[in-house]
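Hi,

Here is the structure I said I'd send over. Have a look at it first, and then read on for what turned up when I went through it.

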Amino acid sequence: LLLTGSGTLRSRFDKTMGLPAVDEAKPYKESLAEIIETLRQTTGAEAAIARIRKLPLPRHGDAEWEIIGVFAQLLNLAAAQLWMVFQEAGEVDFVEVATRALAALKDPSGSPTDLALKLDYRIQHLLVDEFQDTSPSQVELLRQLTQGWTPEDGRTLFCVGDPMQSIYRFRKADVGLFLKVAEQGIDHLPLTRLRLSLNNRSCPEVVAWVNQAFEGVFPAEDNGTQGAIRYRPFVARRASLPEAGVEVHPLLA
């Protein structure tokens, strides 16, 4: 409806799109024209809509469902074999540790286990470092550990992180979780967001150069869905140094 066959935004609408040249169709044409104009003024909108055509169909046929069923059985067998390897070696990986921790805190129905209720009385403070590299399962673990907390009961959750340093997406870390928790807290537990902007390591000349250079490298706006993080500028706390600054020495190989 919005794109031509070549993938560009339409300039007009006619009877081939169900909008003939009659009075009844005029308000619909005007509405579509407003939408098209808004999309033209939105950077990247045309390309984003064009990509929709390349998405797979929303429904699977019989052949696809048969393949999905085969892979589902294969994954169950692979998980069982992995657990046998863990038992033989007497070792587990970090994913298994997190999985078992969640299983120990909630039963299959989602209710807290006896262990979770016991820990609820013992844990008073939680400190999470490098929060920008938190995965969904780790946030779920925090959610289970703080399930019985209330904002005024004296218990504290302290999360520290720098979203510009998030580099572990290949390990299911999602910097979008950092943005979401900073804005909304964890379920019923609100958090107070504090932003640290002082740089205690470098002189003002170096900090100013870094601010200017990296502001153009990072995305313009935060986008939790896309994992996009805008640059956060810093303020130097140290005094200026004579002839201090940054020199770039390009090397062509």
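Let me start with Glu 130, which is partly exposed, with a relative accessible area of 43%. Keep in mind throughout that this is a predicted model. You'll find Glu 130 in the loop between β1 and α6. As background, most residues other than glycine have a negative phi. Asp 187 is another such case, also not a glycine and also with a positive phi of about 55°. Asp 187 sits in the loop between α7 and β3, and I'll come back to it below.

**The β1–α6 loop**

Thr 134 is in the loop between β1 (125-128) and α6 (136-145). Is it buried or exposed? Thr 134 has a relative accessible area of 4%, so it counts as buried. A polar atom of its side chain lies 2.6 Å from the backbone oxygen of Phe 131. Leaving aside residues up to four places away in sequence, Thr 134 touches Val 139, Lys 172, Ala 173, Asp 174 and Leu 177.

**Helix α7**

Two of those contacts lead us on to α7. Asp 174 has a side-chain oxygen that reaches to within 2.9 Å of the backbone nitrogen of Gly 176, at the start of the helix. Leu 177 is one of the buried residues of α7 (residues 175-184), along with Val 175, Gly 176, Phe 178, Leu 179 and Val 181. Helix α6 is included in what covers these buried residues. After α7 comes Gly 185, with a positive phi near 75°.

**Salt bridges**

There are ten salt bridges in the structure. The part I'd look at is a network that links Lys 106, Glu 140, Arg 143 and Asp 187. Within it, the side chains of Glu 140 and Arg 143 meet at 2.5 Å, N to O. Both of these residues are in helix α6, three residues apart, which is about one turn of the helix. Arg 143 comes out at 25%, so it counts as partly exposed.

Another salt bridge joins the side chains of Arg 155 and Asp 153, at 2.9 Å, N to O. In this pair Arg 155 counts as buried, because its relative accessibility is 15%. Asp 153, at 30%, counts as partly exposed.

**The nonpolar cores**

The largest nonpolar core has 19 residues, and the ones that touch the most other members are Leu 126, Phe 131, Leu 142, Trp 149 and Leu 157. The elements that give two or more residues to this core are β1, α6 and α7. Which element gives the largest share? That would be α7, with four residues.

Not counting residues up to four places away in sequence, Leu 142 touches Leu 126, Val 128, Phe 131, Leu 157 and Ile 186. Another core, of ten residues, lies apart from the largest one, and Ala 25, Leu 32, Ile 36 and Ala 45 are among its members.

Last item: Trp 209, Phe 214, Val 217, Val 246 and Val 248 make a nonpolar surface patch of about 440 Å². Of these, Val 246 is found in the segment after β4 (235-236). With a relative accessible area of 32%, Val 246 is partly exposed. That clears the mark for joining a patch, because patch residues need over 30% relative accessible area.

Cheers

Key
Residues numbered from 1 in each chain as written. Predicted model: local features only at pLDDT ≥ 70, side-chain atom pairs only at ≥ 80, totals over all residues. Heavy atoms only, no water. Patch = residues over 30% accessible without salt bridge, like charges linked within 9 Å, V, L, I, M, F, W, Y side chains within 5 Å. Areas by Shrake-Rupley, 256 points an atom, 1.4 Å probe, with all protein chains shown as cover. Salt bridge = Lys/Arg side-chain N within 4 Å of Asp/Glu carboxyl O. Buried < 20%, exposed > 50% of the residue type's maximum accessible area, 1.4 Å probe, protein only. Polar contact = N/O pair within 3.5 Å; in protein donor to acceptor, adjacent residues only side chain to side chain. Contact = heavy atoms within 4.5 Å. Core = buried A, V, L, I, M, F, W, Y, C linked by side-chain atoms within 4.5 Å.
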